[in-house]
Amino acid sequence: MAKIKLLNEQLTNMIAAGEVVERPSGIVKELIENSLDAGSKNILVKVVDGGIKYIQVVDDGEGMDKEDAVMAFERHATSKIFKPNDLWEIDSFGFRGEALPSIASVSHVVMLTNNKNEGSKVEINYGEKVYVGPYGCNEGCDITITELFYKTPARLKHLKSPAYENSLINDIVVKFALSNPNVSFTFISDEKEAFKSSGNGDLLEIIFKLYGRDIVKSAIKIDEEDFDYKLSGYMIQPQHTRANRNAISIFMNSRMVRPYKIQKAIIDSYSDYIPNDRFPIVVLNIEMDRKLIDVNVHPSKWEVRLSKQAQLEMLIRERFARLLSKDIKPFTIDIVNKPKEKVETISFINELVNNQSDNNEIVKETLIKEEIKEFKKDDFYNEEYTSVVEEKNFPQMRVIGQFHGKFILAEGYEGLYVIDQHAAQERVHFEEISDKLSKNVGYFELLLPIMINTTSDVVSRINELNDFSSNFNIEFEIFGNDSLIVHKLPLWLQNIEHKSFLNDLIDYFKEDKKINKLDVLRHKIATMACHHSIRFNRILSKEEMQQVVDELKICRQPFQCPHGRPTFVLIEDYYLEREFLR
């Protein structure tokens, strides 16, 4: 008797649902992608109990007739691709034809749809059709999902609390809004509006709603490209960071993705500006020819493959670092007591957020637009200081004293600058030591050559390895079938554990990882700079204080110490005058 048999359609759909429909947020993602593919300009998402009890997605897209509405629930039925070559030029969010049948196999689904000519209703309960027929409804598509995982309790018990599942859905809706600012998204959770975007195409407006006015005020516009890639979006000044990577939103051709190496390239570009345990806020869309990206990697469509990934990583590192260097502004102390008129405006906006009135919604959007217009104005500097700002954004400072033997006080056009004397000298010494190491190519002979055990494939690529290690002024020689030997090392490696470093270098080579010696030695250089810098509780003369400021000013990156902490902060005139009732 044959043991191997074909699985029935419902069982295959339920298996596929394990990858496509892992939790409620996955369902919302798939349904919104379908809405966007249908050309929707307004998308409403409603959930109850984090989507565990109820999910509804309503759009105003092109809709379907009855025949297509029924076919949409068949496995691998799609309107997005038709032949093998289409897989290499996918320009839609959905294409696999797995989402709707997978969802319908583990829930109760009701679809109402209208394509301008006819309205239809399709009702499916755990893979079985309950009703198919005509139905009066608005143009577009309205899908409601209930009883999720009701008949698969093992899946249901692995979901987390409704609050947690709701936060995941909120994050999905927000990311769609960030990647599609020309589409209006509304998210209603447990009968309360949690998020709404206007769909007017203004990305800054959405960032304002998510992070507030201080973040928008600190936004640096991204508009960079090379022959293959175009980068757009906003990166936030390094004084605003987060404890995890969640605020790094990356989209490729407006598709939300999770590319670890691209994330790392962004984080690397901030490495000179923020501490190692902090992460930047970035919204980045990467446009490219569809042939350069393979989105058919996993049913969830979070993963992609790029044919020129190293080129993209380099573009991001170089351009982001250049933007930060050009547009960085001093850290500004955030005074808790906001200006009275701003408090009233923000309170009014917050009050309106919970009000569903159409008139109030118009007023709220108008107020937000006015706030953003204010932030976009390039009036942070007086004209007579423009040349200083464009040169490096480093402000003119005149030392006026010292505070508690720790901080240097200086006055400038914008207000009072408080300089951390230790952090400032750390930056100065860090760059001095880095310059010396990059220029010093002297060698020292080893009393006993260092032997490195490796693999035969590395030995066979000795010429490639030496090309790779030439940046470090290191040369390997073959010593047997699976060993290498080194006779001399550059002077800058004198105080480092040699064998461990050489093993690491070979590992980097095997991984085809692009590195340079200053990045590898960054921590050591920072420690050396720290030990040579002015300590706290040391009283300085006015000349010594001015020297610290003057040396900091000529640094390539004077705003943060090597550990990512600010070298100085600004207390703006406005706040001082207000506190003295001026």
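**Close-up views of a predicted model**

This predicted model has an average pLDDT of 81, and 78% of its residues score at least 70.

**View 1. Confidence at its two ends, in helix H13 and strand E1.** A friendly caution: where pLDDT is low, the predicted coordinates should not be read in detail.

**View 2. The largest nonpolar core, with its 54 residues.** The members that touch the most others are Ile-32, Val-45, Val-173, Phe-185 and Ile-207. Helix H6 (residues 162–179) is the top contributor to this core, giving 7 residues. A second core is separate and holds 49 residues, among them Val-257, Val-282, Met-288 and Ile-534.

**View 3. The surroundings of Ile-207.** Which residues does Ile-207 contact, leaving aside neighbours within four places in sequence? They are Leu-178, Gly-212, Ile-215, Val-216, Tyr-234 and Val-283.

**View 4. The buried and exposed residues of helix H16.** In H16 (residues 462–469), Ile-462, Leu-465, Asn-466, Phe-468 and Ser-469 are buried. These residues lie on the same side of H16 because they cover an arc of only 155 degrees around the axis. Exposed Asn-463 and Asp-467 sit on the face turned away from that buried side. The packing partners of the buried residues are helix H15 (456–460), strand E23 (477–478), strand E24 (483–490) and helix H17 (498–510).

Conventions
Residues numbered from 1 in each chain as written. Predicted model: local features only at pLDDT ≥ 70, side-chain atom pairs only at ≥ 80, totals over all residues. Heavy atoms only, no water. Core = buried A, V, L, I, M, F, W, Y, C linked by side-chain atoms within 4.5 Å. Buried < 20%, exposed > 50% of the residue type's maximum accessible area, 1.4 Å probe, protein only. Helix = DSSP H or I, 4+ residues; strand = E, 2+ residues; numbered from the N terminus. Contact = heavy atoms within 4.5 Å. Arc of directions from axis to C-beta. pLDDT = per-residue confidence, 0-100.
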